[in-house]
Amino acid sequence: MEIKNVQVEDRQNFKARKFLMWLFIISSFMMFAALTSGFIVYTEGNVERGIKVLLPKAFMYSSVIIVLSSLTMHIAYLSAKKLQFGRQKLFIGLTIALAFCFFYSQYSAWQVLYESGAYFVNYNASQSFIYVFSGAHLLHIVAGICMLIYALIGKIRNIPQVRNIFRMEVTSIFWHFIDILWIYLYVFLLLNQ
């Protein structure tokens, strides 16, 4: 009887936590929509206020890396559902490694931008927006890495399967969101360079 009460309590907690995660995703989406709207208002079709710099190839590599990481995250989630825990841990580890590769790729892009004369603080705020977009996204990547590590630690500690699936589901949803978010930002920047 006590185990059943714990499971019911867990499910209620899971619903509340998932709702909070969706609120965070919606608020993040609104924040990035506001930032891209701010960019559009700032440029107003004025050529002088355009980015005036080619985006570094590292942003393209970042896009490939994050799509691959979304694939590895999905495989990890499916592995958890199929009770293939070794495979789950392997693919969470790969997702974490790809997240760090993404981080490095973004840093490399910032170096290229800086070396080309596109500084964070300059007379052309359009170039500053590149740093703001990618920097705010990197903060979401850090949050995603923390969620991935939390899910991995849970599996290593052999938490109950119900909690394992919940962690994997929430982490997967968030990770796919930041993947889609980066693709949106990259395409937006490409169209406005």
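## Reading rings, charges, pocket and core

The structure holds 15 aromatic pairs, and the model is a predicted one.

Q: How are the planes of Phe-129 and Phe-133 set: stacked, edge-to-face or tilted?
A: Look at two values, the distance between ring centres and the angle between planes. Planes under 30 degrees apart count as stacked, and over 60 as edge-to-face. Here the ring centres of Phe-129 and Phe-133 are 5.6 Å apart. Their planes stand at 40°, so this pair is tilted.

Q: Where in the fold do Phe-129 and Phe-133 sit, and how many residues separate them?
A: Check the element and the spacing along it. Both belong to helix 4, residues 125–156. Phe-129 and Phe-133 are 4 residues apart there, so about one helical turn separates them.

Q: Is Phe-129 buried or exposed, and is Phe-133 buried or exposed?
A: Read the relative accessible area. Buried means under 20%. Phe-129 has 15%, so Phe-129 is buried. Phe-133 has 0% and is buried too.

Q: What is the geometry of the Tyr-184 and Phe-188 rings?
A: Use the two values again. The centres of Tyr-184 and Phe-188 lie 6.3 Å apart. Their planes are at 35°, so this pair is also tilted. Tyr-184 and Phe-188 are 4 residues apart in helix 5, residues 161–191, which means about one helical turn lies between them.

Q: Which accessibility class does Tyr-184 fall into, and which does Phe-188?
A: Go residue by residue. Tyr-184 is partly exposed, at 36% relative accessible area. Phe-188 counts as buried, at 11%.

Q: Which charged residues lie over rings?
A: Look for a charged end above a ring face. The charged end of Lys-155 sits over the Phe-85 ring, 3.7 Å from its centre. Arg-167 lies over the face of Tyr-150, and its distance from the ring centre is 3.8 Å.

Q: How much space lies in the largest pocket, and which residues are closest to its centre?
A: Start with volume, then turn to the lining. The largest pocket holds about 350 Å³. Its lining has 15 residues, and the closest to the centre are Arg-17, Tyr-150, Phe-166, Arg-167 and Val-170. Helix 1 (2–43), helix 4 and helix 5 are the elements giving two or more residues to this lining.

Q: What is the make-up of that lining by class?
A: Count by class. The lining of the largest pocket has 9 nonpolar, 2 polar and 4 charged residues.

Q: Is Ile-180 buried or exposed?
A: Return to relative accessible area. Ile-180, found in helix 5, is exposed at 58%.

Technical notes:
Residues numbered from 1 in each chain as written. Predicted model: local features only at pLDDT ≥ 70, side-chain atom pairs only at ≥ 80, totals over all residues. Heavy atoms only, no water. Phe/Tyr/Trp six-rings, centres within 6.5 Å; stacked < 30°, edge-to-face > 60°. Buried < 20%, exposed > 50% of the residue type's maximum accessible area, 1.4 Å probe, protein only. Lys NZ or Arg CZ within 6 Å of the ring centre and 35° of its normal. 1 Å grid on protein atoms, 1.4 Å probe; cavity = no way out; pocket = protein on both sides within 12 Å on 5 of 7 lines; lining within 4 Å. Points joined across faces, edges and corners; volume = space filled by probe spheres on them. Nonpolar A, V, L, I, M, F, W, Y, C, P; charged D, E, K, R; others polar.
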